[in-house]
Amino acid sequence: MIIIGDSFSTGYLIEKDYTRLLEEAGFSIKKYAINGLSSKIACEKFKNKVKKEKNIIFIGTNDFLMDYSVKSTFENVKEISNLKSLIVIPPLVEEECGMYVSCNRKIIEYKNIIEKNFKYFIDCSKFQNSKDFIDGVHMRESFHTSLFNEICKNKWFSVK
């Protein structure tokens, strides 16, 4: 399985992220994850890595923090993805400054577009908890454990 992601997929600030939990559960992972990754850079660097393989795409937060449009983020994710893609919609961020309020509006708009255009997706806002935050954006291991569980019970998980 291929994973394309940003700091949520690199394990930034934590020991065990969801990718490590997948590996510990016996899954073979090819991880293309970079802290600060935007969908544009992911598209440029990794779109040919996915091909027809099963994959998880977990990007978007950096796009919205950098004020990229929801449309451009969606178009980049669409270009990277295939019919075996699981799109992880980023968790909302803590709204302590104006930039984060705008980011959350974009995450919600992005979620609405993903839900209409992709068969397999996970909305992190449905299980995130305010106690999960480390720094207003990044999440503790408890969030990653919840994400791992959501991945394992998603219909995508049984796709061959």
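This report walks through the sheet, the ring contacts and the cysteines of a predicted model.

## The sheet

Five strands make an open sheet, ordered E2-E1-E3-E4-E5, with parallel pairing. The edges are strand E2 (30-33) and strand E5 (121-123), each of which pairs on one side only. On average, neighbouring strands here are turned by 15 degrees against each other, ignoring direction.

Now strand by strand, going across. Strand E1 (residues 2-5) runs parallel to E2 and is joined to E2 by four bridges. If you want a landmark there, Ile2 stands opposite Lys30 in E2. E1 also pairs with E3, again in the parallel sense and over four bridges. Here Gly5 stands opposite Phe58 in E3.

Moving on, E3 and E4 run parallel and are joined by three bridges. Two spots to look at are Asn55, whose bridge partner in E4 is Ser85, and Ile56, which stands opposite Leu86 in E4. The next pair, E4 and E5, is parallel too, with three bridges; Ile89 has Asp123 in E5 as its bridge partner.

Which way do the side chains of E3 point? Asn55 and Ile57 point one way from E3, Ile56 and Phe58 point the other way, and all are buried. E4 is mostly covered, with five of its five residues buried. On that strand, Ser85, Ile87 and Ile89 point one way, while Leu86 and Val88 point the other way.

Helix H7 (residues 141-153) lies across strand E3 (55-58), strand E4 (85-89) and E5. Relative to E5, the helix runs at about 145 degrees.

## Aromatic pairs

There are nine aromatic pairs in the structure. A pair like this is described by the distance of the ring centres and the angle of the planes. Take Phe27 and Phe157: their ring centres are 5.2 Å apart and their planes sit at 75 degrees, so the pair is edge-to-face. This pair links distant parts of the chain, 130 residues apart: Phe27 is in the loop between helix H2 (18-24) and E2, and Phe157 is in the segment after H7.

Tyr32 lies in strand E2 and Phe46 in helix H3 (residues 39-50), so the pair ties together parts that are 14 residues apart in sequence. Tyr32 is partly exposed, at 21% relative accessible area, whereas Phe46 is buried, at 9%.

Which residues do ring pairs link into a cluster? They are Phe8, Tyr18, Phe58, Phe127 and Phe143. One of them, Phe58, also turned up above as the residue opposite Gly5.

## A lysine over two rings

Lys54 lies over the face of Phe157, at 5.5 Å from the ring centre. Lys54 also lies over the face of Trp156, in this case at 4.5 Å from the ring centre.

## Cysteines

A disulfide is a covalent bond between the sulfur atoms of two cysteines. How many disulfides does the model have? The count comes to zero.

Cys43, by contrast, is buried, with a relative accessible area of 7%.

Is Asn48 buried or exposed? Asn48 is found in helix H3 and is exposed, because its relative accessible area of 58% is over the 50% cut-off. For a sense of distance, Asn48 and Tyr110 are 62 residues apart in sequence and 23 Å apart in space, C-alpha to C-alpha.

How values were computed:
Residues numbered from 1 in each chain as written. Predicted model: local features only at pLDDT ≥ 70, side-chain atom pairs only at ≥ 80, totals over all residues. Heavy atoms only, no water. Pairing = 2+ DSSP bridges. Axes fitted to C-alpha atoms, helices over the stretch in contact; angles between N-to-C directions. Contact = heavy atoms within 4.5 Å. Phe/Tyr/Trp six-rings, centres within 6.5 Å; stacked < 30°, edge-to-face > 60°. Buried < 20%, exposed > 50% of the residue type's maximum accessible area, 1.4 Å probe, protein only. Lys NZ or Arg CZ within 6 Å of the ring centre and 35° of its normal. Disulfide = S-S within 2.5 Å.
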